[in-house]
Amino acid sequence: MTWIPSSRLLPCGRAPTHPIAIRGGILIPFARFHADVAATATRLSGCRQAALACDDTYLFAVGLLAL
């Protein structure tokens with residue numbers, strides 16, 4: 001099995017302005033999503049175990065990819 005790091009998966013073929021989500025009536029572009037995932041991954045670095053539970057689907061996606 002070949003593993004692809006999420007750092008390579010996220011930017012593949014997406015323009016920074018590509019819409020990813022609408023949250024609170026505001027369009028979230030890919031660049032913001034990528035930055036949110038990177039920031040969350042940095043905060044979680046060194047974490048050996050985690051549980052993910054969110055009511056907000058955007059934050060869930062960010063957390064899932066950050067983990």
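Predicted model: local features only at pLDDT ≥ 70, side-chain atom pairs only at ≥ 80, totals over all residues.
Biologist: Why is Asp36 called buried?

Modeller: Its relative accessible area is 19%. Buried means under 20%, so Asp36 counts as buried.

Biologist: What makes Arg32 partly exposed?

Modeller: Arg32 has a relative accessible area of 45%.

Biologist: How many salt bridges does the structure hold?

Modeller: It holds 2. Arg23 forms one with Asp56, and the closest N and O atoms are 2.7 Å apart. That pair links distant parts of the chain. Arg23 is in strand E1, Asp56 is in the loop between H2 and H3, and they are 33 residues apart.

Biologist: Are Arg23 and Asp56 buried or partly exposed?

Modeller: Arg23 has 32% relative accessibility, so it counts as partly exposed. Asp56 has a relative accessible area of 22%. Buried would need under 20%, so Asp56 is partly exposed too.

Biologist: Back to H2. How do you know that its buried residues line one face?

Modeller: The buried residues are Phe30, Phe33, Asp36, Val37 and Thr40. Seen down the helix axis, they fall within an arc of 125 degrees, so they line one face of H2.

Biologist: Which exposed residues sit on the face turned away from that buried side?

Modeller: Thr42 and Arg43.

Biologist: What do the buried residues of H2 pack against?

Modeller: Strand E1, strand E2 and helix H3.

Biologist: What makes up the largest nonpolar core?

Modeller: Seven residues: Ala21, Ile28, Phe33, Val37, Tyr58, Val62 and Ala66. H2 and H3 are the elements that give two or more residues to this core. H3 supplies the largest share, 3 residues.

Biologist: Which residues does Ala66 touch?

Modeller: Val37, Thr40, Ala41 and Leu44, leaving aside residues up to four places away in sequence.

Biologist: How does the reach of H2 compare with the expected span?

Modeller: H2 has 15 residues and reaches 21 Å from first C-alpha to last. That is close to the 21 Å expected at 1.5 Å a residue.

Biologist: What follows H2?

Modeller: Gly46, with a positive phi near 90 degrees.

How values were computed: Residues numbered from 1 in each chain as written. Heavy atoms only, no water. Helix = DSSP H or I, 4+ residues; strand = E, 2+ residues; numbered from the N terminus. Expected span 1.5 Å × (residues − 1). Buried < 20%, exposed > 50% of the residue type's maximum accessible area, 1.4 Å probe, protein only. Arc of directions from axis to C-beta. Contact = heavy atoms within 4.5 Å. Core = buried A, V, L, I, M, F, W, Y, C linked by side-chain atoms within 4.5 Å. Salt bridge = Lys/Arg side-chain N within 4 Å of Asp/Glu carboxyl O.
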